[in-house]
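Hi there,

Here is the structure I said I would pass on to you. Please open it alongside this email, and my notes on what turned up follow just below.

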Amino acid sequence: QVQLGESGGGSVQAGGSLRLSCAASGPTYSILCMGWFRQAPGKELEGVAAFYTGSGNSGAATYYADSEKGRFTLSQDNTKNTLYLQVNSLKPEDTGMYYCAAGSQPCDERSWFYSERYTYWGQGTQVTVSS
């Protein structure tokens, strides 16, 4: 079973930056899509970014929520089975629990933000942004 562990959250002032990490272990070869989701206080879970590893004739791809484009950046270290989410220019509305998720189904621009597509979830890392 794939296991995910997030780290890197914290308390920052508006305008600050954080780098969130998601380390995967277990049969990671089965993962095709990894995503980051955020749950703000009193709000529903929402996708902020995802990475598709690619398969067959489909190359790797990254996806971002429209509201986060330009501020959030995904990167990965395949040697460490780790996906990073760099978050810049943080705003108070970015406050929430950030979860890493992974699934064995392909994802694309029309599906990556559906939480139901992901099988494995981490425990989350808290991000708090003060004004």
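Cys107 is buried, with a relative accessible area of 5%, and please keep in mind that this value, like the others here, comes from a predicted model. The partner of Cys107 is Cys33: a disulfide joins the two, with an S to S distance of 2.0 Å. This pair links distant parts of the chain, since Cys33 belongs to strand β4 (residues 33-39) while Cys107 lies in the loop between β9 and β10 (120-121), 74 residues apart. Cys33 also counts as buried, at 2% relative accessibility.

Is the disulfide of Cys22 and Cys100 left-handed or right-handed? The torsion about its S-S bond is about -75°, so it is left-handed. Cys22 is buried, with a relative accessible area of 0%, and Cys100 is buried with a value of 0% as well. Counting the bonded cysteines along the chain, the disulfides follow the pattern 1-3, 2-4.

Next, the packing. As a general point, nonpolar side chains tend to be buried together in soluble globular proteins. In this model the largest nonpolar core holds 26 residues, and those that touch the most other members are Leu4, Met34, Trp36, Leu74 and Leu85. Strands β3, β4, β5 (45-52), β7, β8, β9 and β11 (125-130) each supply at least two residues of this core. Which strand gives the most to this core? That is β3, with four residues. Apart from this core lies another one, of eleven residues, among them Phe37, Ala50, Tyr52 and Trp112.

Strand β5 deserves a look of its own. Six of the eight residues of β5 are buried, so the strand is largely enclosed by the rest of the structure. On one side, β5 runs antiparallel to β4, and seven bridges join the two. Cys33, the disulfide partner of Cys107, stands opposite Tyr52 of β5 in this pairing. β4 and β5 form a hairpin with five residues between them, and Gly42 in the turn has a positive phi of about 75°. β5 also pairs with strand β6 (residues 61-64), again in the antiparallel sense, over four bridges. There Ala50 stands opposite Tyr63 in β6. Ala50 and Tyr52 are both among the members of the core of eleven residues.

How much space lies in it? The volume is about 210 Å³. Its lining is made up of Ala24, Thr28, Ile31, Met34, Phe51, Thr53, Gln76, Asp77, Asn78, Asn81, Thr82 and Leu83. By type, these residues divide into five nonpolar, six polar and one charged. β7 (72-77) and β8 (82-87) each supply at least two residues of the lining. Met34 is one of the residues lining this pocket, and Met34 is also one of the residues with the most contacts to other members of the largest core.

Finally, some backbone angles to check. Asn81, one of the lining residues of the pocket, has a positive phi of about 50° although it is not a glycine. Asn81 is found in the loop between β7 and β8. Is Asn81 buried or partly exposed? At 35% relative accessibility, Asn81 counts as partly exposed. Ser89 likewise has a positive phi of about 50° without being a glycine. Ser89 lies in the loop between β8 and β9 and is partly exposed, with a relative accessible area of 41%.

That is everything on my list. Happy browsing, and do write back with any questions!

Best wishes

Terms used: Residues numbered from 1 in each chain as written. Predicted model: local features only at pLDDT ≥ 70, side-chain atom pairs only at ≥ 80, totals over all residues. Heavy atoms only, no water. 1 Å grid on protein atoms, 1.4 Å probe; cavity = no way out; pocket = protein on both sides within 12 Å on 5 of 7 lines; lining within 4 Å. Points joined across faces, edges and corners; volume = space filled by probe spheres on them. Nonpolar A, V, L, I, M, F, W, Y, C, P; charged D, E, K, R; others polar. Disulfide = S-S within 2.5 Å. Buried < 20%, exposed > 50% of the residue type's maximum accessible area, 1.4 Å probe, protein only. Core = buried A, V, L, I, M, F, W, Y, C linked by side-chain atoms within 4.5 Å. Pairing = 2+ DSSP bridges.
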